[in-house]
Amino acid sequence: MIHFILLFSRQGKLRLQKWYTTLPDKEKKKIIREIVQIILSRNQKTCSFVDWKDLKLVYKRYASLYFCCAIEDQDNELLTLEVVHRYVELLDRYFGNVCELDIIFNFEKAYFILDEFVIGGEVQETSKRSAVKAIEDSDMLQETVEEYMNKPAF
């Protein structure tokens, strides 16, 4: 089970966080600081898996962003790397060659894509086509509602 997912820049700026375990905000901030420091201090040639407390951190760097998942000790690290890669593929498919600015300015879409893919720390939809279709359907619904709301009422 995934306990949380963090996306942060090479400068240590948090871009996205999704928690699947309940923790107080103060504890979350402490964990984020610690994890960002651990991952950014590691050499690029080292393994993408880190034993941390009673969890494992699995991370991957794409361009200027680090994608980090905390999983249980007995979970498969390689499968988690595939989950991270699939999320990046979904972001790429939606945004078209996703970059850090896409996530900064469209964070609600990045969260929505993640929610279509992972629910409660477990992968729910493995099909890229199905996940992207759900996102496009949501966009169509939003556009329809906006058009309806902008029509004058007589």
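I looked up Trp 52 and found 6% relative accessibility, so Trp 52 counts as buried (buried means under 20% relative accessible area, exposed over 50%, partly exposed in between, with a 1.4 Å probe and protein chains only). I note that this is a predicted model, in which local features need pLDDT of at least 70, side-chain atom pairs count only at pLDDT 80 or more, and totals for chains, interfaces and linings use all residues. Residues are numbered from 1 along each chain as its sequence is written, and side-chain values use heavy atoms, with hydrogens and water left out.

**Ring pairs**

Strands (E, at least two residues) and helices (H or I, at least four) are DSSP runs, numbered from the N terminus. I found Phe 4 buried at 2% relative accessible area and Trp 19 buried at 14%.

I next looked up Phe 4 with Trp 52, an edge-to-face pair at 6.4 Å centre to centre and 85° between the planes. Trp 52 lies in strand S3 (residues 49-52) and Phe 4 in strand S1, so this pair ties together parts 48 residues apart in sequence.

**Charges over rings**

I then checked for a charge over a ring (NZ of Lys or CZ of Arg within 6 Å of the ring centre and within 35 degrees of the ring normal). The charged end of Lys 60 sits over the ring of Tyr 62, 5.5 Å from its centre. That of Lys 109 sits over the ring of Phe 112, at 5.9 Å from the centre.

**Helix H5 and the record**

I looked up Leu 141 in helix H5 (residues 128-150) and found it exposed, at 57% relative accessibility. In the UniProt record, an unreviewed entry, I read the annotation "domain: AP complex mu/sigma subunit" for residues 1-140. Over residues 1-140 I noted 46% helix and 27% strand, with the end C-alpha atoms 32 Å apart.

Notes. Phe/Tyr/Trp six-rings, centres within 6.5 Å; stacked < 30°, edge-to-face > 60°. UniProt positions renumbered as here; feature names shortened; annotations may be inferred.
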